[in-house]
Amino acid sequence: MWTDRLSVVRGDITKQIVDAIVNAANSSLLGGGGVDGAIHRAAGPDLLTECRRLKGCRTGDAKLTDGYRLPARHVIHTVGPVWHGGTTDEDALLAQCYRSCFRIAREHSFASIAFPSISTGAYGFPVERASRIAVRAMRAELESNAALRQIAVVCFDHPTFQEYQKAVAELAS
Ligand code: AR6
C-alpha cells in the first residue's frame, strides 16, 4: 500500500539523508526565515550562489539545486501560496507545488524525497487543510511512480506532526 512508502516524522529537514529535500522558499529564491533559512544555513553559501542564477520561481513552480553541505544530495525549491482566506486559489497552488516537486523527482529518478509542511508557517495556510492537500498529492504520486521508494514529511512541531498523521490515516481508509 502507498502508506508503506510514506512516513511522517518530527524533526529537522536539514538532517535528512535523502536524494532531495524540499525547501518552502519565496519567489526570490534568495533565502528567508523558517525552513528556508535553516536550509541555507546548513547548506552553506554556495547554495545562495546557485539560487541567484535561477532568477526566482513562481508560486506553485519548483527549481532544483545541489545540496552542497547538506546530507541530502539536492534541494528542490518550491514557492507555496500565501494564505488569503482561501479566496485566491490557494488550494490549487499548494497542490501544484507538490506536483512540481514530483515532476523534478521523476526527471532525475529520485528514490527518496523529504518535504516540510509547505506554506503553513510564515505564509499562514491552515495546517489541517494543507496537510490533506499534501498527502493527497503524495498518495497520487506513490501510486503512479514505482521508482519513488520513500517520501518523508518532516514536521518541526507537534501540532503539525499530528495533523499530517491524521491526514494519512484519513486518506488511507
Ligand atoms: N525542518 C522542518 N520544518 C521546519 C524547519 C526545519 N528545519 N524549520 C521550520 N520548519 P515556513 P512557509 C517548519 O515559515 O509558510 C520563509 O521566510 C515550520 O514550523 O518555513 O512556506 C521563506 O523564505 C512550518 O511548519 O514556510 C518564505 O518567505 C513549515 O516548516 C516563507 O518563509 C513551513 O514554515 C515561506 O513560508
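Arginine 132 is buried, with a relative accessible area of 10%; here, buried denotes a relative accessible area under 20%, exposed one over 50%, and partly exposed one in between, computed with a 1.4 Å probe on protein chains only. The structure is a predicted model, in which local features need pLDDT of at least 70 and side-chain atom pairs count only at pLDDT 80 or more, whereas totals for chains, interfaces and linings use all residues. Residues are numbered from 1 along each chain as its sequence is written, and side-chain values use heavy atoms, with hydrogens and water left out.

Salt bridges were examined next. A salt bridge is defined as a side-chain nitrogen of Lys or Arg within 4 Å of a carboxyl oxygen of Asp or Glu, and the structure contains eight of them. One of these joins arginine 132 to glutamate 163, with an N to O distance of 2.7 Å. This pair links distant parts of the chain, since arginine 132 belongs to helix α4 (residues 127–144) and glutamate 163 to helix α5 (residues 158–172), 31 residues apart. Helices are DSSP runs of H or I with at least four residues, and strands are runs of E with at least two; both are numbered from the N terminus. Like arginine 132, glutamate 163 is buried.

Arginine 132 also meets the side chain of glutamate 170 in a salt bridge, again at 2.7 Å from N to O. Glutamate 170 lies in helix α5 and arginine 132 in helix α4, so this contact ties together parts that are 38 residues apart in sequence. Glutamate 170 is partly exposed, at a relative accessible area of 44%. Through shared partners, salt bridges join Arg132, Glu163, Lys166 and Glu170 into one network.

A further salt bridge connects glutamate 107 with arginine 103, whose closest N and O atoms are 3.5 Å apart. Because the two residues are four positions apart in helix α3 (residues 90–107), about one helical turn separates them. Glutamate 107 is exposed, with a relative accessible area of 54%, while arginine 103 is partly exposed at 40%.

Cysteine residues were considered last. A disulfide is a covalent bond between the sulfur atoms of two cysteines; the criterion applied is a pair of cysteine sulfur atoms within 2.5 Å. The structure holds zero disulfides. For cysteine 51, the closest cysteine sulfur is that of cysteine 57, which at 10.0 Å is too far for a bond. Cysteine 101 is likewise in no disulfide, the nearest cysteine sulfur, in cysteine 97, being 6.6 Å away. Cysteine 51 is buried, at 0% relative accessibility, and cysteine 101 is buried at 0% as well.
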